[in-house]
Amino acid sequence: GGTSGQASNDMVQMAKHYSCMNCHGVDNRLIGPAFRDIARRYRGSDMESQLMARVKYGNSGEWGAVPAPPQPNVNEYDLQQLIKWIVSM
């Protein structure tokens, strides 16, 4: 339905607001992996809390040499919504 498209658009806007889209594309790799690749890698696993920690505190080595910097400024609720959106792809 139309609401899921709007919800997805809202999530893209939120991801842009928090600068996620500077390093990640939805479908394509930029500096970091595409959101869909993250979803594929962690499909079916209970990764939401781990992924939230990786965003908050940074991560390195998982997808290559470039480390993901910590993003402590992302609101906890927004981060949870973003992670749920990514893993649902």
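What follows is a chat about a predicted model.

Colleague: What should I know before I start clicking?

Modeller: The model is predicted, so local features need pLDDT of at least 70 and side-chain atom pairs count only at pLDDT 80 or more, while totals for chains, interfaces and linings use all residues. Residues are numbered from 1 along each chain as its sequence is written, and side-chain values use heavy atoms, with hydrogens and water left out.

Colleague: How many helices and strands are in the protein?

Modeller: Four helices and zero strands. Both are DSSP runs numbered from the N terminus (helices: H or I, at least four residues; strands: E, at least two).

Colleague: What radius of gyration does the protein have, against a compact globule?

Modeller: The protein has 12 Å, which agrees with the value near 12 Å for a compact globule with 89 residues. That radius is taken over C-alpha atoms, and the globule rule is 2.2 Å times the number of residues to the power 0.38.

Colleague: And what share of the residues is buried?

Modeller: Of the 89 residues, 33% count as buried. Buried means under 20% relative accessible area, exposed over 50%, and partly exposed in between (1.4 Å probe, protein chains only).

Colleague: Which residues of H2 are buried?

Modeller: Phe 35, Ile 38, Ala 39 and Tyr 42. They sit on the same side of H2 because they cover an arc of only 100° around the axis. The arc is that of the directions from the helix axis to the C-beta atoms.

Colleague: What comes after H2?

Modeller: Gly 44 follows, with a positive phi near 80°.

Colleague: Changing topic: how many aromatic pairs are there?

Modeller: One. Phe 35 and Trp 85 are edge-to-face, 5.6 Å centre to centre with 70° between the planes. Phe 35 in helix H2 (residues 35–42) and Trp 85 in helix H4 (residues 76–87) are 50 residues apart, so the pair links distant parts of the chain. Rings of Phe, Tyr and Trp (its six-membered ring) pair if their centres lie within 6.5 Å; planes under 30 degrees apart count as stacked, over 60 as edge-to-face and the rest as tilted.

Colleague: Is that pair buried or exposed?

Modeller: Both Phe 35 and Trp 85 are buried.

Colleague: Where is Gly 58, and which residues is Gly 58 in contact with, leaving aside neighbours within four places in sequence?

Modeller: Gly 58 is in the loop between helix H3 (48–57) and H4. Beyond those neighbours, Gly 58 touches Ala 53, Ala 68, Pro 69 and Pro 70, where contact means heavy atoms within 4.5 Å.
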